[in-house]
Amino acid sequence: MSRLLTILLGSAALLATSAHAADTPVSKQDRALHESVLTLDTHLDTPEHFARKGWSMVDRHDVKVDGTQVDLPRMNAGGLDGGFFAIYTAQGALTAEGYRFARDFALERATEIREMVAAHPDKFELAYTADDAARINKAGKKFVFQSIENSWPMGEDLTLMQTFYATGVRLAGPVHFRNNQFADSSTDKPIWHGFSPLGLRWLAEANRLGIVIDVSHASDDVVDQAVALSKVPIIASHSGAKAIYDHPRNLDDGRLKKIADAGGVICINSVYLKDTPTSPERKAAFQALGKVPDSETASEAEIVAFLKKKAEIDAKYPPVRASFEDFMASLLHTLKVVGPEHVGVGADWDGGGGVIGFEDVADLPKVTARLKAAGYTDADVAAIWGGNVLRVVRQAQDYAAKQTAAK
């Protein structure tokens, strides 16, 4: 099933026509600071759209028209220098057939990412090391790291992690919404009570290669075990503060501290920020609307027509949505708990993220303005927007290099 289904019908309700909260003012000084720091997002689901008929990463799109939140013009407008583009595979059967399907799907998605970059070599470049990000940015291009959201495609053959590493993957999460062969999910009933035996080997192999471990979507037990067993700091690429909204996908203060105390980084998303109930009328209207067009097989006209009908439902039965204030509450709370050296941003763009007043990557300077208003220094802002994550990437790669040299 296309990730577009999640985006269109999920709790984020991106195309809502409800009134926006007052915009956060961004001064010239705030904007200048934002442009001066290296800015990245740790979880971009935009590769979902790379095979979409008639859609191009270098054209400007509108979230209200086609449901997308990231493209080159909006990256420029929001001062986003790059990030981790996700190879996402929705969880399926833990069988030989399921593993083959997932492997092929994920490798195709990795190819689509590389093909997008290759098609625009003057605008994008693949990043493989922490230092690549600054070099590519200095050259006036956007840097493209790759990440794996859900390691199900590796099946029971961990040599595939080496294959994905060769394609450019530098961040990987073991699990998604359902348990798999590697670990328990935060949104499923535990079967392993953390990592499986194979999952422990997965963790060790990630360390060996220099792939950063991502615990977003993983159960609390997995988080605890990853912190305890990983030889290098870990990242939560798109999570939130449970103290702000009590949801299994969010992290309690104890685990925020645990990740930070081990040198890791928690990157705050714009999902799971408040209750967003769906009215019976809205649910019935969507059932009557019918099947969501698949983004990889439907024409762009079919997708846009569907979104237009969806917008009519949104106008008649407005969804309950979180706001930019809710996102900032999660970010500021996490900063208060762990400090600016251990926080980043992974808003889950094109994967269900987006809230009132924070609809796409063009809105990113608002975060810098709010951080400055909250008293954070320019150095803090630089760390939050990219420095912290790149530090962990560098630590993971340094550890891997030392292991190789020691052999």
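1. E205 is buried, with a relative accessible area of 16%. Here buried means under 20% relative accessible area, exposed means over 50%, and partly exposed lies in between (1.4 Å probe, protein chains only). The partner of E205 is R208: the two form a salt bridge whose closest N and O atoms are 2.8 Å apart. R208 is partly exposed, at 36% relative accessible area. A salt bridge is counted when a side-chain nitrogen of Lys or Arg lies within 4 Å of a carboxyl oxygen of Asp or Glu. Both residues sit in helix α8 (residues 197-209), and because they are three residues apart, about one helical turn separates them.

2. On the basis of the model: it is predicted, and residues are numbered from 1 along each chain as its sequence is written. Local features need pLDDT of at least 70, side-chain atom pairs count only at pLDDT 80 or more, and totals for chains, interfaces and linings use all residues; side-chain values use heavy atoms, with hydrogens and water left out. The pLDDT (the predictor's confidence in each residue, from 0 to 100) averages 93 over the protein chain, and 95% of the residues score at least 70. Over residues 5-21 the pLDDT stays under 50, and the model has 52 contacts beyond four places in sequence for this stretch. Contact means heavy atoms within 4.5 Å.

3. D132 and R135 form another salt bridge, at 3.3 Å from N to O. These two are three residues apart in helix α6 (residues 130-138), so about one helical turn lies between them. D132 is buried, with a relative accessible area of 12%, while R135 is partly exposed at 42%. In general, an α-helix has 3.6 residues a turn, so residues three or four places apart point the same way. Helices (H or I, at least four residues) and strands (E, at least two) are DSSP runs numbered from the N terminus.

4. R321 and E359 make a salt bridge with closest N and O atoms 3.1 Å apart. R321 lies in the loop between α12 (300-316) and α13 (324-338), and E359 in the loop between β9 (343-345) and α14 (365-373), so the pair ties together parts that are 38 residues apart in sequence. R321 and E359 are both buried. The total by the salt-bridge rule is 19. A network of salt bridges links D220, D224, D252, R255 and K258.

5. What does R249 pair with, given that it is buried yet has no salt bridge? D348 is the nearest side chain of opposite charge, 5.1 Å away; Lys and Arg count as positive and Asp and Glu as negative, with His and the chain ends not counted. The R249 side chain makes a polar contact with the side chain of H217 at 3.3 Å, and also reaches the backbone oxygen of H238 at 2.7 Å. A polar contact is a pair of N or O atoms within 3.5 Å; within protein, one must be able to donate a hydrogen and the other to accept it, and residues adjacent in sequence count only if both atoms are side-chain atoms. R249 itself lies in the loop between β7 (235-239) and α10 (253-261). Beyond its neighbours within four places in sequence, its contacts include F177, S186, T187, N269 and Y272.

6. In α10, R255, L256, I259 and A260 are buried. They are on the same side of α10, because they cover an arc of only 140° around the axis; the arc is that of the directions from the helix axis to the C-beta atoms. The cover over the buried residues of α10 includes α9 (220-229), β8 (265-268) and α13. D252 caps the N-terminal end of α10, with a side-chain oxygen 3.0 Å from the backbone nitrogen of G254. Just after α10, G263 has a positive phi of about 95°.

7. H193 is not a glycine but has a positive phi of about 60°; H193 is in the loop between β5 (169-173) and α8, and counts as exposed at 52% relative accessibility. D350 has a positive phi near 65° and is found in the loop between β9 and α14. D350 counts as buried, at 0% relative accessibility.

8. V63 is in helix α3 (residues 63-66) and is buried, with a relative accessible area of 2%. V63 and H176 are 113 residues apart in sequence and 25 Å apart in space, C-alpha to C-alpha.
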